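Please open the model in your viewer and keep a selection panel at hand.

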Amino acid sequence: MLNKVKNDYISWIAITGAILLLLEVSFFNEGLIFSLLASGAMIYFGRSLMPKKSGKLLFWGGIFFFLSSVFSMMTFRFFLLAVLIYLAYQFAQSKKKPEFITPILQEPEIEKKKELIIEKPPLFKNRLFGPQETPSHVYEWNDVNIQTGVGDSVIDLSLTVLPKGETVVFIRKMIGNVKIFVPYDLEVTVRHSAVAGSAEVFEHQEGRVLNQSLFLQTPGYDEAEQKVKIFTSMVIGNIEVKRI
């Protein structure tokens, strides 16, 4: 239940941000898209140059310009004003019509047997900044489903035992690269989308991906008993899938 509420909250934030960006570009600031892409590029290249001093300056400069662009949006200011007015209205209503809570007494019911749930630690966690990769030794596999801000992700499938059937890798990120190493006997399908970057899946190469979606699949995927499905979505970054 908590995960569903959290996912709905994140979805509403993303939808609200997209609407504010569309209104801002349409009516107030047509150059906002360039500012956001430029600050995103500064963050990406600054992160790749760290820990050099030039990389840190570029990275934090990109963060500063990105936040400056967001806070300077006229629609963002209207949105904050609307939130404050709504909170003030709710507070005033609560004072006029206080809520009375009446306890309801019920006979205790026979305790139902709780269903046993096993919680397994995920391989990756949602992070705003920083790279992540699978262990360099043999490890237990769990399907990957993450969303990150800035950073690279590396997954080596040759150091684990995959279950029979379809294995899923789902990665969403703002800026960064994704590298996935796949055993030779494993069938693969890749669905990748990006605003800017490149893609290399085995022998297939896309030197430039600009606001595109790619769907690539090995010939024996549908009939294979053991296979992996890879979903990646990013604003700026590259994807690389190699045999190992």
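**First stop: Q226**

Select Q226 and show its side chain, which reaches the backbone oxygen of L162 at 2.7 Å; a polar contact here is a pair of N or O atoms within 3.5 Å, where, within protein, one must be able to donate a hydrogen and the other to accept it, and residues adjacent in sequence count only if both atoms are side-chain atoms. Before going on, note that this is a predicted model, in which local features need pLDDT of at least 70 and side-chain atom pairs count only at pLDDT 80 or more, whereas totals for chains, interfaces and linings use all residues. Residues are numbered from 1 along each chain as its sequence is written, and side-chain values use heavy atoms, with hydrogens and water left out.

Which residues surround Q226, leaving aside its neighbours within four places in sequence? Q226 is in contact with L162, P163, G165, L186 and E187, contact meaning heavy atoms within 4.5 Å. E187 is 39 residues away from Q226 in sequence, yet their C-alpha atoms are 7.1 Å apart. Q226 has a relative accessibility of 27% and therefore counts as partly exposed, the class between buried (under 20% relative accessible area) and exposed (over 50%), with a 1.4 Å probe and protein chains only.

Q226 belongs to strand β8, residues 226–243; strands are DSSP runs of E of at least two residues and helices are runs of H or I of at least four, numbered from the N terminus. Colour β8 together with β5, since the two pair in the parallel sense over five bridges, where pairing requires that DSSP finds at least two bridges between the strands. Within this pairing, I180 has V241 in β8 as its bridge partner. Strand β3 (residues 153–156) also pairs with β5 in the parallel sense, over four bridges, and S153 stands opposite V178 in β5.

Now show the side chains of β5, residues 178–182. In a regular strand, side chains alternate between the two faces of the sheet.

How many aromatic pairs does a search of the whole structure find? The search finds three, counting rings of Phe, Tyr and Trp (its six-membered ring) whose centres lie within 6.5 Å, with planes under 30 degrees apart called stacked, over 60 edge-to-face and the rest tilted. Select F59 and F129: their ring centres are 5.6 Å apart and their planes stand at 75 degrees, so the pair is edge-to-face. F59 lies in helix α3 (residues 53–71) and F129 in the loop between α4 (74–96) and β1 (132–133), 70 residues apart. F59 is buried at 4% relative accessible area, whereas F129 is partly exposed at 38%.

Because F170 lies in strand β4 (residues 165–175) and F231 in strand β8, the pair ties together parts 61 residues apart in sequence.

**Last stop: charges over rings**

Finish with R243, whose charged end sits over the ring of F202, 4.3 Å from its centre, and with K227, which lies over the face of Y221 at 4.8 Å from the ring centre. The criterion is NZ of Lys or CZ of Arg within 6 Å of the ring centre and within 35 degrees of the ring normal.
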